[in-house]
Amino acid sequence: MTVATPPAAKARLDRLERIWKESPGVLGWLTTVDHKRIGILYFFTSLFFFGAGGVEALAIRTQLIGPDESTLSPATFNEMMSTHGTTMIFFFVVPISLGAFGNYLIPLMIGARDMAFPRLNALSYWIFLCAGTFLYVGVFTGNAPSAGWFNYVPLASKAYSPGPGIDFYALSLLFVGISTTLGAINAIVTIFKLRAPGMSLNRMPLFCFAFLAVSFALIFALPALSTALILLELERLLGFHFFIPAAGGAPILWQNLFWIFGHPEVYIIILPAFGIATSIIPTFVRRKMVAWPLVALAEILVAFLGFGVWAHHMFAVGLASATTIYFAAASLIIVIPSGIQLFSWITTIVTGTPRFQTPLLWIIGFIVLFIMGGLSGVTFAAIPFDQQTTDTYYVVAHFHYVIFGAAVFPLLGGMYYWFPKVTGRMYHEGWGKASFWLTFIGTNVTFFPMHILGLDGMPRRNYTYGPEMGWTGLNLIETLGAYLLALGLLSVFVNLAVSLFKGEKAGNDPFGGDTLEWSTTSPPPPYNYAVIPKVSSPYAMWDTEDREEDARNLERGRKVLEQGHETAASTAVDAEWDEVLDMPSNSAWPPLVALAMTGVFAMVLLQQWFAAAIFVAVLLCTVAGFHLKEPEEA
Amino acid sequence: MLGVASIVFLGAVAMLVVGWVRRDRPGLPFLGENEKANTILVVLFGMAIPIVILVALFVISDLVLLPETDAPAAGSTAMTITVTGHQWFWQVRYEGKDAETANEIHIPVRTPVNLQVRSADVIHSFWVPELNRKIDTIPGQTNAIELYAERAGVYRGQCAEFCGLQHAHMAFRVYAEPKARFEAWLANLRKPAREPTTPLARQGRRAFMRDGCAACHTISGTEAEGTVGPNLTHLAGRETLAADTIPDTPEYLFRWIQNPQAIKPGVKMPGLGLGPAKFHAIVAYLTGLK
Amino acid sequence: MSSIPRSMEAAGSGPVAAVERARRTQPSGWWGAVLLIATEATLFACLIATYFYLRFRTDEWPLGGIEKPSVTLPLVFTAILVATVVPMFLSVRAAKAGKTRSAWWLLLLATAVQATYLGLQIHLMVDDLHSFTPQANAYGSIYYALLGIHHAHVAVGLAIDAWLLWKLARGITNYRLIALRIAAIYWYFVAATAVAVVLTQLYPSL
């Protein structure tokens with residue numbers, strides 16, 4: 001886009017800028033409904049929780065650096081261990097994937113001007129912020145949960161965990177679950193209805209298939225967790241009995257409900273990473289994805305099959321043989337769609353002409369780490385092997401390879417990849433590569449020895465170990481690795497932070513990207529696209545005739561929605577243009593609804609039932625306020 | 001499994017290396033740019049070969065091997081032991097023999113034993129890595145596995161399900177011994193506690209019964225019938241204390257009863273603050289309980 | 001492009017009805033509501049699964065000597081609620097056809113009956129509480145949890161109804177028509193879960 005914009009086109013762009021610009025200053029950010037701003041808010045808030053979870057991890061590793069250390073008391077260790085897992089999963093990896101990357105990029109990739117429900121989008125963010133704060137109020141007041149992120153009963157019941165820590169855990173997760181559910185609904189409706197007319201499903205980027213799969217998985221998985229948490233709180237706060245055997249309850253009920261959510265959750269964690277990988281690879285190897293339809297199908301299948309395998313987390317519980325055998329078989333089936341994607345990526349890299357720049361390096365690292373994590377995961381389907389290695393460091397190794405290696409590496413690669421688009425500046429490539437290698441080496445030094453420790457019998461969640469166990473050397477290596485890993489991550493963020501101010505200016509498309517977001521400015525204007533883009537394939541940016549037609553349309557005012565705050569809505573599969581939608585602008589209601597909700601949860605935690613009822617009434621009023629102003633009246 | 005996994009991993013890494021080496025040439029080595037070949041590769045390596053490997057893995061481990069780890073059928077073994085997990089120790093009962101101990105299991109070598117596991121409070125997991133798989137102890141139900149040692153020796157076990165503050169210090173030992181030695185040990189276990197033989201030990205027994213210990217511990221043949229803590233009837237015959245946390249010597253025993261929280265913070269045993277003289281007496285009594 | 005409806009601008013029964021006819025796919029809000037209903041339905045499925053999980057762990061059910069539930073009144077009340085599906089459906093149909101006043105009255109009728117249902121059900125529940133409490137045992141807990149969560153959904157539905165009655169009295173817009181359609185499918189969902197919940201609740205007596 002180096003040609004100077006002709007005057008008629010420029011006038012259109014100016015008018016659109018005036019229509020779509022949000023209120024200035026802090027108030028503008030507090031009342032924003034712009035998906036890009038909301039994505040940025042999610043990004044920084046998630047990173048804050050990443051830092052908190054990282055501090056917790058370093059505390060754990062420092063305590064375990066040698067035998068019989070007393071850096072942390074057992075109580076503090078158990079709190080660190082519990083908040084580390086809870087924070088990383090619920091307040092970092094899912095929000096940054098769905099809320100930051102998803103929110104920012106989905107409308108851009110489908111040629112839309114915002115998400116389907118912009119105010120709901122803002123509400124999702126404010127609820128996330130309030131829920132995370134809620135949990136950490138507990139942590140900082142000495143009431144952190146300490147029964148693990150999986151919170152098994154009876155340990156998590158009132159009798160064995162009498163303090164409010166578990167209530168902070170349960171209520172903050174119910175709270176953030178609302179945010180995630182709303183975000184998933186928003187993503188699904190956006191992907192189905194707001195695609196640019198002409199972008200039929202087979203012309204939609206793979207990134208969007210991954211996010212569609214994630215969102216559907218969240219819709220059906222989260223209620224299982226919510227059920228478990230509601231039952232737990234009814235038991236803890238109101239004396240109901242669901243899990244206590246003496247009163248007819250069942251401890252295993254918790255495990256079933258938790259893992260019916262928990263297993264799909266791990267696919268929810270990894271699918272966005274798959275989506276990011278499928279965006280970065282074609283760009284940097286300069287060829288289309290091998291077996292594109294198979295990859296799209298595989299992304300959907302992973303989400304779907306993830307629902308049938310939950311009891312493989314429970315092989316030591318004493319289930320009937322037939323049950324364990326079924327779940328082992330089902331767990332093996334999931335390997336297939338993962339294998340298809342893996343080999344498609346690898347074949348695409350081999351058959352393309354790859355430029356090994358920073359974003360691609362992170363994806364290569366991801367592929368290597370994902371294979372390792374996947375292989376150790378497959379070993380769990382060998383039930384006798386699982387019954388030896390479950391609850392040991394072998395599991396800790398496995399899931400850190402897949403969650404950290406396979407889910408976080410693409411996020412870091414994606415941060416580098418889209419950094420120029422979001423900020424308008426390039427990051428420092430040399431530091432980028434260095435930060436990758438530091439992190440990659442640190443990851444392996446930290447987590448690889450854990451396989452060996454687990455096979456050697458070291459159980460997980462132990463706050464210390466004896467010098468006679470022979471676990472000392474490997475634990476020392478792991479702790480040093482953790483510090484190296486922290487250094488690597490720090491170098492990523494220092495690079496990005498410094499580049500934010502000192503990086504070279506980036507144009508619209510510094511990498512030769514394949515998807516639509518690279519056709520607009522860096523950063524994109526508030527209205528994303530002046531013209532509804534013409535789309536003939538999933539690689540819209542590489543269809544140069546289409547992009548030239550867009551430029552002509554801008555000049556002539558064709559397919560330009562400029563009568564108001566508008567975007568196009570289309571049919572779900574074939575994307576035939578169906579409606580012109582009016583989008584809302586700045587609104588104070590989302591943060592107000594979130595605050596009212598916080599009041600409800602806080603009063604429930606404090607068991608102030610009358611006050612909770614008052615806050616429910618306030619909540620209903622704020623929700624009503626949300627709907628007071630209709631689009632016609634804007 | 002390690003072999004197959006290594007082959008898969010190295011194979012994939014090799015392909016990535018090929019990608020790096022051939023980074024300026026599009027297409028596959030030898031086959032060139034051929035979308036059909038690419039797709040066949042993906043289906044072959046991503047679907048066909050994995051299916052074969054996975055089916056083999058499934059058949060071998062879950063259909064052939066798995067039944068060997070099953071719990072023994074009821075009544076098929078000569079001996080049944082019930083182990084109950086507590087926060088943070090293991091209660092061990094020999095069924096039908098009126099014999100109980102804690103944190104130690106003795107079994108005759110090369111004899112299958114039906115091990116039933118239960119829980120008195122939260123979920124624990126019974127695990128002797130060298131002998132068998134893990135089995136969770138779940139309140140409200142009884143699980144079972146087979147305990148069988150081919151060779152005589154001492155096997156360490158530990159709790160393998162997070163159970164609270166001192167989950168890390170909830171280990172135990174399994175002694176597999178020749179049948180004669182086992183029978184002798186069991187016979188001794190069935191006997192009530194030995195009488196104290198010295199004045200200090202007698203003083204210790206009085207303190208034990210009156211100053212709080214008896215509220216939580218059982219010493220069979222005395223008025224101590226508490227069930228909160230481990231059975232101490234033959235404490236001096238054991239090799240470790242506090243669930244294999246410290247050795248069972250008079251020095252450690254003194255340190256333990258004087259201040260359990262210093263050794264195992266959070267443990268449910270309080271420091272009773274009885275003063276060194278009384279503690280020495282109690283130690284003298286307990287070290288006589290062989 | 002001029003033929004593509006600017007649906008949000010439609011206000012008044014004529015334009016709104018025209019937009020409804022022109023639209024080829026469901027509006028975003030409707031889709032969002034369907035997905036929200038999917039999560040809530042999954043929640044109820046988990047609760048009902050919990051009921052039967054607890055039930056099949058024991059021989060005696062209800063536990064602790066609690067009497068089996070009486071069948072007649074709960075079934076009658078549920079039938080009353082299911083019947084309100086009809087006025088809700090007719091209300092939407094009227095609104096789509098441009099007959100806003102009829103739509104409003106039908107909505108009022110449905111709301112009145114739904115509120116009566118809730119009142120009767122709460123009365124029944126208070127009665128039950130005199131014989132056994134949720135704190136008695138797992139049977140009591142899951143019985144009241146299931147019922148209570150269902151009633152909470154009914155209460156939310158009534159709040160939606162009230163809002164719509166207020167707004168529709170001031171005329172119809174595309175936004176309000178979508179809201180009415182959402183309210184209708186929400187009530188279809190609540191009616192369906194009422195049937196599932198009551199059958200579960202009455203299972204020991206069936």
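**Chains A, B and C of a predicted model**

Q: In chain A, what share of the contacts with a separation of 6 or more comes from residues 24 or more positions apart?
A: Such residues account for 81% of those contacts in chain A. Please note that this is a predicted model.

Q: And how many of chain A's residues are buried, as a percentage?
A: Buried residues make up 63% of the 634 residues in chain A.

Q: Which secondary structure does chain A have?
A: Chain A comes to 19 helices and two strands.

Q: On to chain B. How many helices and strands there?
A: Chain B has seven helices and twelve strands. Its radius of gyration is 27 Å, well over the 19 Å given by the globule rule for 290 residues, so chain B is more spread out than a compact globule.

Q: What about the box and burial for chain B?
A: The box filled by the C-alpha atoms of chain B is roughly 95 × 45 × 35 Å along the principal axes. Of its 290 residues, 39% count as buried. Among contacts in chain B between residues at least 6 apart in sequence, 61% join residues at least 24 apart.

Q: In what order do the strands of the open sheet in chain B run?
A: The five strands follow the order β3-β2-β1-β5-β8, with mixed pairing. At the edges of this sheet stand β3 (99-102) and β8 (143-147) of chain B; each has a single partner strand, so one side of each is left without a neighbour in the sheet. From one strand to the next, the twist averages 25 degrees.

Q: How do β1 and β2 of chain B pair, parallel or antiparallel?
A: Strand β1 (residues 79-86) and strand β2 (residues 89-94) of chain B pair in the antiparallel sense, over six bridges. Within β2(B), B:Arg93 is the bridge partner of B:Thr82.

Q: Switching to chain C: which residues of α3(C) are buried?
A: They are C:Pro74, C:Phe77, C:Thr78 and C:Leu81. Seen down the axis of α3(C), these buried residues fall within an arc of 100 degrees, so they line one face of the helix.

Q: What do they pack against?
A: The buried residues of α3(C) pack against α5 (100-131) and α7 (174-202) of chain C. The face turned away from the buried side carries the exposed residues C:Thr72 and C:Val76.

Note on methods
Residues are numbered from 1 along each chain as its sequence is written. Chains are lettered from A and ligands numbered from 1 in the order in which they are written. This is a predicted model: local features need pLDDT of at least 70, side-chain atom pairs count only at pLDDT 80 or more; totals for chains, interfaces and linings use all residues. Two strands pair if DSSP finds at least two bridges between them. Helices (H or I, at least four residues) and strands (E, at least two) are DSSP runs, numbered from the N terminus. Axes are lines fitted to C-alpha atoms, for helices over the stretch in contact, and angles run from 0 to 180 degrees between N-to-C directions. A residue is buried if 20 or more other C-beta atoms lie within 10 Å of its own, exposed if 12 or fewer, and partly exposed in between; C-beta atoms are placed from the backbone. The arc is that of the directions from the helix axis to the C-beta atoms. Two residues are in contact if their C-beta atoms, placed from the backbone, lie within 7 Å. The radius of gyration is taken over C-alpha atoms; the globule rule is 2.2 Å times the number of residues to the power 0.38.
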